[in-house]
Amino acid sequence: MNRSRSTLLLSSLLCTALPLQAQQADDAQATETSATELAPVRVQGQEPTTPAPQLSSFGPGSWKDIPASINVLGRGLLDNRQPRTLSELAYSDASLGDSYAAVGYYQNVAIRGFALDLATGYRFNDLTIAGEQRLALEHIQQVEILKGEAGLTAGIMAPGGIINYVAKRPARVQELTVGTDSHGSRYTAVDLGRWITPRFGLRFNAAWEDTHSHVEHADGRRNFYALAADWLIGDKARLELDGNYQTSAQRSVSGYQLLGGQALPDHPSRTRMLGYQPWQQPVAIASSNFTARYRYRFNDAWQGSVALGHSRSVIDDNVAFAYGCFYAAQCADGSVPGNFFAPNGDYDIYDYRSPDDTRVNDQLRAQLQGSFHTGALSHQLTFGVDGFQRTVDRRQDVYDYVGTANIDDPQVPVFAPSPNQPGPSARRLDDRQRAVFALDRIGLGNGWQWLAGGRHVRLDEDANDSQGVRERHTRLSKFLPQTALLWQATAQLNAYLSYSKGLSLGQQAPYWTSNAGSFLPPMVSRQVELGVKFSATDTLDLGAALFRISQPFQYARPDDSAAGYSFVQQGDQVHTGLELSANGRITEHLRVTASASVLRARAEDAGTPAYQGHQLLNVPKARASVYADYQLPFAPAWTLSGGWRYAAPNVATADGAVRAPAYNVFDAGVRLRSELRGHALTWRLSVDNVFDHRYWRDTGSSGGDYYLFPGAPRMARLSVSYAL
């Protein structure tokens with residue numbers, strides 16, 4: 001049925017296009033016979049190189065002036081690659097990798113081998129949003145990936161970095177996009193903008209999507225709406241408002257697990273839903289995000305801003321969850337660990353229901369930026385105050401065993417759901433952070449700059465059990481310094497050396513450890529980075545960064561306790577790596593977005609020899625990502641594109657004994673630009689995994705358990721955008 005719908009929709013779009021193109025040809029022929037032919041005039045715009053990031057903590061400046069590794073994915077790249085999920089967005093940067101990115105669920109990624117903190121790792125217009133949502137891209141102008149430690153920028157967070165989504169601003173635009181894919185999905189989006197008066201503008205984006213997944217029983221739908229407004233208040237003030245709302249529903253797809261904790265499944269299915277039960281409901285997610293920013297320019301040297309952000313995500317979690325083998329025959333005697341699939345492929349199925357899981361992030365920031373001189377030194381000063389609160393409200397969930405199946409079952413047996421119902425909602429987490437921050441960019445002369453600053457953060461956090469009774473209270477104050485030395489060697493070449501310190505919260509011990517449910521203490525992380533940024537031409541930027549990040553190592557340590565493991569912080573987790581990037585036009589017709597990452601991730605002094613001396617879990621030693629566009633010189637309306645994604649073998653067990661094989665995945669596409677009655681018409685066809693390669697894309701963990709997710713099979717997407 002899916003393939004029939006896909007064929008029908010593709011045929012309809014093509015049949016619609018042919019008469020339109022014919023009409024254009026007829027119109028052109030009629031014009032040619034009645035008008036005077038003039039000499040052709042060629043107009044070519046000069047595209048900028050890497051767009052300027054909107055992250056404001058480093059002060060004003062271009063990509064080259066920021067002493068940190070930042071990749072900016074522009075709107076053009078997003079349109080051409082047509083990503084729909086966070087996992088697909090990660091294709092465009094080699095420093096990113098999946099970290100429990102299940103199909104049909106909200107996803108997470110890792111930067112430089114560290115999974116992002118869902119509470120603070122994602123931002124909208126440089127303000128924190130709840131990461132437990134499906135992040136839409138229709139209203140986004142650019143995606144900024146700040147790699148590495150960012151204590152000054154984000155406060156308490158995981159050391160890998162942050163991802164910032166920057167909204168489109170009001171402009172004169174009227175565009176309709178319709179699309180489909182090879183599975184029969186249906187997609188419609190509109191982008192409407194206008195300056196209603198010279199001082200007030202609006203931008204409206206909406207999308208409606210019916211997803212036909214490559215996994216059986218995992219079809220879904222999504223409705224998205226976003227509105228942006230800009231108000232120029234006098235000559236010195238500006239108010240920017242952005243809001244969006246999205247609902248989605250799709251069954252979540254369980255990941256595989258190692259067989260007996262020691263072997264990869266031989267023939268995993270990319271299309272079968274493990275544990276599927278007909279009574280299983282889709283995971284429903286309703287999310288809303290709002291930001292308001294007021295900017296005021298006091299004079300040419302000083303400006304201030306006040307920003308407010310609110311993010312809310314409500315999740316109705318419904319999963320027939322494939323997990324472990326505690327009830328399977330091969331695991332009954334305890335000789336096989338119950339938190340993996342059985343050696344013969346048996347796995348248990350749980351009825352998991354947790355409705356009304358609510359995450360709310362609120363943030364208020366006031367900031368002042370200005371420049372002045374003290375003698376021969378110039379200063380660009382940024383300082384401000386920041387308040388952040390995050391709350392999590394959850395019901396007492398249902399998590400009950402219902403039956404056992406096998407990964408090779410052609411059809412999963414049907415079991416009765418649990419008769420139990422979720423309990424009342426309770427406040428599970430109340431996190432409050434208050435901070436002051438400052439950064440001074442000091443010009444020393446002869447192209448040298450010194451950036452010095454930091455953030456003093458105060459944390460006050462309560463964690464409660466399912467009844468709302470306090471289990472933990474954390475209160476701490478910490479100063480997180482950040483400094484960098486920047487050298488502008490030439491107008492094209494900048495080099496920098498930076499040091500920063502961060503703070504992240506300790507993880508919760510898995511249920512199968514002796515200290516199950518307890519939280520480990522907060523962790524201090526440190527990073528040193530040496531980087532070079534080079535504008536090879538006016539249209540091509542090159543970058544390189546060498547870094548080292550360390551923080552306490554958290555893991556389940558084998559011991560003689562009754563559980564056999566205790567969750568501890570012992571030793572250090574050290575990530576040392578090299579990143580290379582290229583972004584821009586190599587020639588007039590060839591544009592490239594490319595990156596490569598070599599990363600050594602090790603545990604040191606952990607006290608368990610088997611966990612040391614090898615790459616850490618779900619951190620490939622090398623990744624590469626290349627995406628190129630080539631405009632045909634003899635047919636400028638046509639553009640061909642191609643992509644390549646590579647990952648080295650990926651560790652799948654804590655002792656490094658099992659590794660998922662390396663993979664190479666190739667993507668391709670074609671784009672056609674034309675006109676219809678004087679309006680731009682753009683056709684985009686993209687094909688992911690052209691050669692239908694089978695691979696493991698993710699060996700990440702969640703809640704202390706390890707999962708394996710296969711890569712998606714070949715999929716083509718076709719879209720048509722029409723400027724109304």
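This is a predicted model: local features need pLDDT of at least 70, side-chain atom pairs count only at pLDDT 80 or more; totals for chains, interfaces and linings use all residues.

**Entry: a histidine and an aspartate**

I started with the side chain of His-379, which makes a polar contact with the side chain of Asp-440 at 2.8 Å. For a polar contact I need a pair of N or O atoms within 3.5 Å; within protein, one must be able to donate a hydrogen and the other to accept it, and residues adjacent in sequence count only if both atoms are side-chain atoms.

Residues are numbered from 1 along each chain as its sequence is written, and side-chain values use heavy atoms, with hydrogens and water left out.

Where do the two partners sit? I found His-379 in strand 17 (residues 377–395) and Asp-440 in strand 19 (residues 425–445). Helices (H or I, at least four residues) and strands (E, at least two) are DSSP runs, numbered from the N terminus.

Next I checked cover. His-379 is buried, at a relative accessible area of 10%, and Asp-440 is buried as well, at 15%. Buried means under 20% relative accessible area, exposed means over 50%, and partly exposed is in between (1.4 Å probe, protein chains only).

Then I listed neighbours, skipping those within four places in sequence. His-379 is in contact with Gly-370, Ser-371, Phe-372, His-373, Thr-374, Asp-440, Arg-441 and Ile-442. For Asp-440 the contacts are His-379, Gln-380, Leu-381, Trp-450, Leu-451 and Ala-452. Contact here means heavy atoms within 4.5 Å.

I also took one C-alpha distance: Asp-440 and Phe-383 are 57 residues apart in sequence and 8.4 Å apart in space.

I jotted down the background: most residues other than glycine have a negative phi.

Asn-125 lies in the loop between strand 5 (122–124) and strand 6 (127–128), and Asp-126 is in the loop between strand 5 and strand 6 too. Asp-126 counts as buried at 2%.

**Entry: Ser-248**

I looked up Ser-248 and found it in strand 13 (residues 237–250). Buried or exposed? Ser-248 counts as buried because its relative accessible area is 3%. Leaving out residues up to four places away in sequence, Ser-248 touches Arg-134, Arg-221, Arg-222, Val-283, Ala-284 and Ile-285.

**Entry: two leucines**

Leu-259 lies in the loop between strand 13 and strand 14 (283–297). I have Leu-259 down as buried, at 14% relative accessibility. Neighbours within four places aside, its contacts include Leu-264, Pro-265, Phe-341, Ala-342 and Ile-407.

Leu-364 is in strand 16 (residues 346–374). Leu-364 goes down as partly exposed because its relative accessible area is 47%. Its contacts, neighbours within four places left out, are Val-306, Ala-307, Leu-308, Val-385, Asp-386 and Gly-387. From Leu-364 to Ala-292 I have 9.7 Å, C-alpha to C-alpha, with the two 72 residues apart in sequence.

**Entry: the chain as a whole**

I finished by zooming out. How many helices and strands does the protein chain have? It comes to 4 helices and 37 strands.

The C-alpha trace spans about 90 × 70 × 45 Å along its principal axes. With 724 residues, a compact globule would have a radius of gyration near 27 Å, and the chain's 26 Å agrees. That radius is taken over C-alpha atoms, and the globule rule is 2.2 Å times the number of residues to the power 0.38.

Of the 724 residues, 55% count as buried. Among contacts with a separation of 6 or more, residues 24 or more positions apart account for 67%.
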